[in-house]
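Please keep the sequence and the model in view while reading.

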Amino acid sequence: MELSTLITFTSGFFAFTSFLITIWNWQYLDRLRLCPSNELFGDTDVSITVLIPARNEGKNIGEVLTALSCQTHSNYDVIVLNDGSEDDTAEIVGQFLASDLEIQLIDGEPIPKGWLGKNWACHQLMLKADGDYILFIDADTVLHEDTIKAALNEAILEKSDLLTMIPARCANNFIERNLYGFIDWAIYAWLPLQLAHLSKNSYLSASYGQFMLFKRESYILSGGHRKIKDIAVDDFGLGRLIKSSGLKWALKDGTNMVTSLPYDDILETVNGVSRSLAPALNYRISLILLISIFLMGLFFAPVLNLYFYVANGGQFEFFELLSLVIIFLLLGSYLLSCKRFSHSLFIVVFIHITVIFMILIAYHSLLSNLLRVATWKDRNMVIKKLKI
């Protein structure tokens, strides 16, 4: 069998698989069900502590806390950790201390050896929390007024130890819109969520730092941030930790409840995506290489087949038809993902450019970790070494 034939058949198999998973997830992935009454637990019975690590978040933290002050669930408090901010983060949080929002502001302690900054900040926050449930959100995450109430209802109803949600993502530039569309597709079209919820395999999971609601004792039982102190993608690490501890992980569509605010500019967008890619792929060079080759073959092999057909003026036969079907399956899968997560459908047109750009960012992530120069918010992000 010729190599081109093998590549075409392989691309066809995976294109069909991704489309099938997309359809399956479209039916399975739920949004939060907002209970109009308090029948499940009563409005004052279950307490929750919202934990926010904040480093140089003066631009966003005011909007985040304003949204938290409007929550319809009443039994909650908020703790913000000022993680060595050099801007006006602490001053803005301080403006809420005299408001109706029950909030504490604490200063972070120096980072111990072997810890990454955010993980250490979250660990300190947890030591101050006393809610029945603890909710970690990022300092650029805005919650709908019913989010906490609905999420608690859902977690109690489903007996979840960790409930995490896919957020709506705001973007302020073309690159950011395309990258977010691809990232959501990479999860939605390749992770069969029903199987992920049933399986004990910790790598069959995807968790989002914008919203991670833990049962307090479950977080402690799993080992929490102490167990993943040197893992740069703490959200993925915590989700995998919950599953490997035999606890129940749940993922919901939170695009109607949770909004992630945009980066400042294109450079920050690229750095933000780059810092997560190598850690999310377990720091494995071989895995990054294989995935990049896989994506190039999947998206470009059928296009090249059709190009050579047109260039050579050949007869339209089986492989040309198969290539056309592959393209439609991939675009269909991507289109459904964009529709589900409220991305502009216009970005589907640029999918091939986005694939190339994402691969380049993956190699940037690989190289910056290899040279141990990966940083975020002026802090080193490299503790673990790359593996083959």
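## Salt bridges and their surroundings

Across the whole structure, a search finds 10 salt bridges, a salt bridge being a side-chain nitrogen of Lys or Arg within 4 Å of a carboxyl oxygen of Asp or Glu. The model is predicted: local features need pLDDT of at least 70, side-chain atom pairs count only at pLDDT 80 or more, and totals for chains, interfaces and linings use all residues. Residues are numbered from 1 along each chain as its sequence is written, and side-chain values use heavy atoms, with hydrogens and water left out.

The table lists three of these pairs.

| Pair | N to O distance |
|---|---|
| Lys377 and Glu57 | 3.2 Å |
| Asp138 and Lys118 | 2.9 Å |
| Arg340 and Asp253 | 2.9 Å |

Helices (H or I, at least four residues) and strands (E, at least two) are DSSP runs, numbered from the N terminus. Lys377 forms a salt bridge with Glu57. Lys377 lies in the loop between strand E11 (375-376) and strand E12 (379-380) and Glu57 in the loop between E1 and H2, so the pair ties together parts that are 320 residues apart in sequence. Burial is judged by relative accessible area: buried means under 20%, exposed over 50%, and partly exposed in between, with a 1.4 Å probe and protein chains only. Lys377 is partly exposed at 24%, whereas Glu57 is buried at 10%.

Asp138 forms a salt bridge with Lys118. Because Asp138 lies in the loop between E4 and E5 and Lys118 in helix H4 (residues 117-128), the pair ties together parts that are 20 residues apart in sequence. Asp138 counts as buried, at 16%, while Lys118 is partly exposed, at 31%.

Arg340 meets Asp253 in a salt bridge. Arg340 lies in helix H13 and Asp253 in strand E9, so this pair ties together parts that are 87 residues apart in sequence. Both Arg340 and Asp253 are buried. Salt bridges that share partners join Arg31, Asp253 and Arg340 into one network.

Thr255 lies in the loop between strand E9 (249-253) and strand E10 (258-260), and it is buried, with a relative accessible area of 14%. A polar contact is a pair of N or O atoms within 3.5 Å; within protein, one must be able to donate a hydrogen and the other to accept it, and residues adjacent in sequence count only if both atoms are side-chain atoms. The side chain of Thr255 makes such contacts with the side chains of Arg31, at 3.2 Å, and Asp253, at 2.7 Å. Apart from residues up to four places away in sequence, Thr255 touches several others, including Arg340 and Phe341; contact means heavy atoms within 4.5 Å.

Gly239 belongs to helix H10 (residues 234-244) and is buried, with a relative accessible area of 0%. Trp249 is 10 residues from Gly239 along the chain, and their C-alpha atoms are separated by 6.8 Å.

In helix H2 (residues 61-68), 6 of the 8 residues are buried, so the helix is largely enclosed by the rest of the structure. The buried residues of H2 are Ile61, Gly62, Val64, Leu65, Ala67 and Leu68. They pack against elements including strand E1 (48-54), strand E2 (76-82) and helix H3 (89-94).
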